[in-house]
4 protein chains.
Amino acid sequence: MLALVEQDVARIRDGAAALDRSGEFPVETFERFLDNGVMAGTVPEELGGMGVSCLSDVATVLAAVAEADASTALALHVQFSRGLTLAYDWQHGSAPVRALAERLLRGMASERFVICGAVKDHHTAVTRVTPDGRGGWLLSGRKTLVSLAPLATHFVVHTQKVVDGEPVTLAAAVLDRSAPGLTVLPEWDGLGMRASGTYGIVLDGCRVPAEDVLHRGVVGAHSDRALAGQTVSSITMLGIYAGVARAARDIAIGAAARRPAAPPAAVRGLVSDIESNLYTLQASAAAALANADELNDDLTGDLDERGRRMMVPFQCAKLAVNRLALSVVNDCLTVVGGAGYGAAHPLSRLYRDVRAGWFMQPYTYVDAVDFLSGQALGIDRDNDYMSYRVSASAAR
Amino acid sequence: MLALVEQDVARIRDGAAALDRSGEFPVETFERFLDNGVMAGTVPEELGGMGVSCLSDVATVLAAVAEADASTALALHVQFSRGLTLAYDWQHGSAPVRALAERLLRGMASERFVICGAVKDHHTAVTRVTPDGRGGWLLSGRKTLVSLAPLATHFVVHTQKVVDGEPVTLAAAVLDRSAPGLTVLPEWDGLGMRASGTYGIVLDGCRVPAEDVLHRGVVGAHSDRALAGQTVSSITMLGIYAGVARAARDIAIGAAARRPAAPPAAVRGLVSDIESNLYTLQASAAAALANADELNDDLTGDLDERGRRMMVPFQCAKLAVNRLALSVVNDCLTVVGGAGYGAAHPLSRLYRDVRAGWFMQPYTYVDAVDFLSGQALGIDRDNDYMSYRVSASAAR
Amino acid sequence: MLALVEQDVARIRDGAAALDRSGEFPVETFERFLDNGVMAGTVPEELGGMGVSCLSDVATVLAAVAEADASTALALHVQFSRGLTLAYDWQHGSAPVRALAERLLRGMASERFVICGAVKDHHTAVTRVTPDGRGGWLLSGRKTLVSLAPLATHFVVHTQKVVDGEPVTLAAAVLDRSAPGLTVLPEWDGLGMRASGTYGIVLDGCRVPAEDVLHRGVVGAHSDRALAGQTVSSITMLGIYAGVARAARDIAIGAAARRPAAPPAAVRGLVSDIESNLYTLQASAAAALANADELNDDLTGDLDERGRRMMVPFQCAKLAVNRLALSVVNDCLTVVGGAGYGAAHPLSRLYRDVRAGWFMQPYTYVDAVDFLSGQALGIDRDNDYMSYRVSASAAR
Amino acid sequence: MLALVEQDVARIRDGAAALDRSGEFPVETFERFLDNGVMAGTVPEELGGMGVSCLSDVATVLAAVAEADASTALALHVQFSRGLTLAYDWQHGSAPVRALAERLLRGMASERFVICGAVKDHHTAVTRVTPDGRGGWLLSGRKTLVSLAPLATHFVVHTQKVVDGEPVTLAAAVLDRSAPGLTVLPEWDGLGMRASGTYGIVLDGCRVPAEDVLHRGVVGAHSDRALAGQTVSSITMLGIYAGVARAARDIAIGAAARRPAAPPAAVRGLVSDIESNLYTLQASAAAALANADELNDDLTGDLDERGRRMMVPFQCAKLAVNRLALSVVNDCLTVVGGAGYGAAHPLSRLYRDVRAGWFMQPYTYVDAVDFLSGQALGIDRDNDYMSYRVSASAAR
């Protein structure tokens, strides 16, 4: 997969500035990824995909793409993540879950399915499924920050499931893009990650057949087993920020090395910091990815414990990666000097893109502090961010 | 002057987002500043201006503007800086220098003169004045990063003076915008400070009368007396970054205080850091400004020593202000969360604007390290950045 | 006062290493300070003292001493602090408070009174005064971290006042060192500040006459007016850490400047950071001291508001001073290299001494985060550390 | 080996405070390590040792010891390092080198040889071997910072080799402790690492047989192949600082978790930083150790390139480990509060011990900046610290 992706890296890099400026989505790049099978990279081979299941490998591919354009990598991550989590569902789920997962995975491999996750509610709405009275479900609400949306053929919509007389639970409903009541809104206009195709979707009484709903746990159950799937779903994004930092490093070192005069003292200090921080960033990410890969295959022990043992190193690494990537990009800007401050200079895009990492779940910086300190100090807490978001919105 | 400026602050704030997006210059704001006398704020009262000569006061005004829009403050700084340095020339210069300064200052006060400084050569050209053979001068070259240029009526162009048989010296030539051979290029498209009207100018054999050239020292003379004027010219920019940090702080504290739930641990830690860092930033800037004000009026001692005693605290404070302002804005983004990452959110503009400070002379971060360490360790060095830039370009 | 102290600075510096090693208290230095009137430096002139009431001046004197030895400065601070707060009581207190304050201040000026504050309870005991049934009080408990204790003639013991049927209040009882039931324990053996004469005292039913008790507020009253006195009592300690940082800076710059070879890049970067950080540290401390001096003389407004307006800048500056002083000392160690790591090298003492600032009230780092974030976000909280400590110990 | 060491860890931990205070060397611990074979841990099995050749494993053992006492780990490292480098000489050296290495390794395994390295010249002397005229050598000079010296049976003395008419080269001479002219001086009295048995040795015309001298390269040859051996010799010390940070972490988390009240916001933030920084520290160290292990066994390519490819990641990780370990210990002190500032508290020892890492070769912080920036920017430089130290001392 890395080899396939690397064929396109130069072209992606060349187009990045224009797409960043306009905020357009690189449709052509993703058409190529659909053509050459990259979009089915994490679909199991038995179902027609390339069968890359190793999280470290996925992160390596995303890093290579992100070195050229972080927005493209972020959108690609969405599809990869879907393949990884659906493959788990296909291997370990109940019969109906397996059936749904298989259908979607086969579609990704042979029918050009592009499947986005829609997690975060728009601040104006709460997304809910309710029984339609005929054994199916009705889905209404509004989602935001759905990357890769321009090409989406399906959305996996994370939602509350509200049934009279039952506690509120979490669920994920799979919707076809053509579903009546679904509107895709090109709403994103961000500081960075501008070409990631990050849109919103409005859901107005969309019908969802019973077999297209994945049922999750009770809200507020403080179940930590969900942390495993959330780790798998998101940890490969560490590769994106490694790629961003590496791109910045190469630009800065190149600029400094081309100057005819001996480098000033400050530049040597900055370059040394850049090298060490980039190394540390990559080592942290690699360690957390290796840990997740190891635990990902092992379902023998306590599943809550497994969830925590995947998430804690991920979050330790995420904090480090977020900080170090920002620090590397900043130091690179200082090395390059005023030229890097031009809107057309790639460093100015990296300076904006790199900041996205702090806001991504699981966890934002603020939530990570609660999670990591809670784990270290033995404080009970709902660690499932999909669950505590629902609780928080209910409290408002 | 502060009172006058504060009348416009709300309007400036409201328009900042649109101008940032388009990169247009806020012509209307500056027309108002021309109308109400703010643009003559630092012109001596005797010459018709408001007579604000205290650097701390000027910085306070710039901070108030920068809280609303940093680009506007940066452009306003250009005119203020011109008033401050020309007032010095008018008070302490030789007879021809006094005459030129008086003409320009009176023009600022009563003829709506807008006078930009043009310091940095475009990377493609070296700017030089040479004798025109008739007692005057010919000016050619290209300048970049000239803020406030859309409204400029005059440019003070810093240049090498090249006369056969003499060592190269520095000079500043005053050019009317209508001078034949002068072209103003709207070239700036920056990561931040997008509405500062930062253009380039091309100089193609412009004639400059003898009396419109200010003669400065020999290139490479290692004269430190020039540091005094360079401090006066630039130190009030510390106020701009204080204003940026304060604007970010108010947004973040406001957002956090409005939330109904008790603030999470990380938010309390970030808020505490923001408060302390903003305080420290402002205290550093205020101390360096007070020091500059004190020495500015005292010409009794060694002038090289005076130059160093103005520049060292300025640079100590500039390093701190640059770092702390960036840190405050970053912490504010983390407090606000993903909403602050939208291109339309004011924090996302502040995140881009705040980074400009590191590149501004005197000194960029890299040069400041050489200067401060050189002063502490007793290392001889050409501290005049206009001089060593000429030397550096000659070495290429 | 500064001139008097500077006469002894060289001798103090020479003796610092030996006292640090042994942990002995510099009795001779303080005998000299008693002889030459320094120990009455903050006693009003009308009562026979030197009448230094300006907090900035006191901090300057402490910084000069701390440059030579931080332990000595810390112990001297204790007496200065007593003079400052008793002078306030003498000027603004009720008649019995004025009488007590006058007696103690006159004793400091003419009878060599050395008056220590005893604030922190030993972890094994709660200190309480209770009525003795004859109009006086009985004081029992145990205090720790009482600096300057070897020379103390009196102790001002902060305590709970427990009277049947009344809410618990705070009080301060003045005890003569010869009081029956009082034992002074030379218990301190610290990482740093080893020569500060920091002992413990055990109180076993000590009788205190009614007129020697200062009555303070109710525990848990959330009264912020007490913050003014707590600021006055402690803010001059910022000078101690400024002195520590300056001493480290001078050692490091001296060592680097003496080396024959051109300084390596890393040394230039470190030196630049040291200069900027020391400047910033001093500017922050000076700003907070000037603010406290200004408000100290103004009792016209809301006293709770005055308390907060003194404490907030103090805490902003304290966080900055603690961080920057540690950073400066660390950078200096790196500049000096392995030689600075020897136990006999003054930098190794500074490395240990500088860390004390983080633990000093008001506030420790942990409490300062709660205070500053609480103030910024409008969160109600008991800001009086003497009060909330009592509440916390009651909760155990 | 880890299992053997862990038997002693509790005892080492219990004794650490007393040895730190007195500065005595833990002779008993090392007698046990001689008895149970740990001191021959890195000696090849064929020669009677335990045959641990994996650098990652050695670092793991040192980390376990350092968690109990860093001084002990530092001294143990000396012997481990000797085994590792001599094993390389035994496998890859010329016939006489192999013979010498075999003799020493067999001695370590079965004759309780304890072999110290003596690298750094005392500032008063330059150490040199010169021909004795009879085919052997005479060694004179003075060395400092020789850890594990109290038990040493042999010293490997790094020295200049000065022969008339030849360029100065580097060499290492093996001396028996009983060699006439050799004096061991218990000179160390450090801020930290106080029980590491770090002494000096004076060499006054010591005779060294020809076969006991290892001949190295020409001074100033800019040969990078030596970096491989220097990496092997020192990289396992990363484990020591990992152990120090882990010990601090356990103390702080334990203290915070034991407190009855909910942790304050600042404590949660600090704990989160501690967890992330410790993770990152360990990940960096592990990555550099794995890289060194991989290249250690591969002599097929360019040996200079191999040297650089071992040293660059080592230095990237060393910078990170030094910074992060210091940061973790500092944060732990803040969490624990004033109690941790007592001289008898283990954190106060860790605060002193952790700072040693910055001064250790290869490279000190200052040299690492030159090395890493030089590598990134393609600047030629003598990277062999033993060589450039000789050049620097010659330049004085």
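Copies are superposed here by least squares on the C-alpha atoms of residues with pLDDT of at least 70 in both. With that in place, chain A can be laid on chain D with an RMSD of 0.0 Å by a turn of 180 degrees and a shift of 0.0 Å along the axis. Among the residues of chain A, A:Ala283 comes closest to this rotation axis, its C-alpha lying at 2.8 Å.

Before we go further, a word on the model and its labels. This is a predicted model, in which local features need pLDDT of at least 70 and side-chain atom pairs count only at pLDDT 80 or more, while totals for chains, interfaces and linings use all residues. Residues are numbered from 1 along each chain as its sequence is written, and chains are lettered from A and ligands numbered from 1 in the order in which they are written.

**Where A meets D**

Two residues are in contact if their C-beta atoms, placed from the backbone, lie within 7 Å. By that rule, 29 residues of chain A are in contact with 29 residues of chain D. Helices (H or I, at least four residues) and strands (E, at least two) are DSSP runs, numbered from the N terminus. On the chain A side, the elements giving two or more residues are helices H7 (238-258), H8 (265-296), H9 (303-336) and H11 (365-377). H8(A) gives the most, with 12 residues. Since 100% of the interface residues of chain A are also interface residues in chain D, the copies meet through the same surface.

**Where B meets A**

Chain B, too, can be laid on chain A, with an RMSD of 0.0 Å, by a turn of 180 degrees and a shift of 0.0 Å along the axis. The two copies are thus related as by a two-fold rotation axis. Of the residues of chain B, B:Arg352 comes closest to the axis, at 4.0 Å (C-alpha). In this pair, 31 residues of chain B are in contact with 31 residues of chain A. Helices H8 (265-296), H9 (303-336), H10 (346-353) and H11 (365-377) of chain B each supply at least two residues to the side that touches chain A. The largest share, 5 residues, comes from H11(B).

**Strand S4 of chain C**

Let us turn to a strand. A residue is buried if 20 or more other C-beta atoms lie within 10 Å of its own, with C-beta atoms placed from the backbone. In chain C, 8 of the 10 residues of S4 (residues 137-146) are buried, so this strand is largely enclosed by the rest of the structure.

Two strands pair if DSSP finds at least two bridges between them. S4(C) pairs in the antiparallel sense with S2 (residues 120-121) of chain C over 2 bridges, and C:Lys120 stands opposite C:Thr144 in S4(C). S3 (residues 128-131) of chain C and S4(C) are also antiparallel, over 4 bridges, with C:Thr130 opposite C:Leu138. S3(C) and S4(C) form a hairpin with 5 residues between them, and C:Gly133 in the turn has a positive phi of about 85 degrees. Finally, 7 bridges join S4(C) to the antiparallel strand S8 (residues 199-208) of chain C, where C:Cys206 stands opposite C:Leu139.

Conventions
Buried ≥ 20, exposed ≤ 12 C-beta atoms within 10 Å, placed from the backbone.
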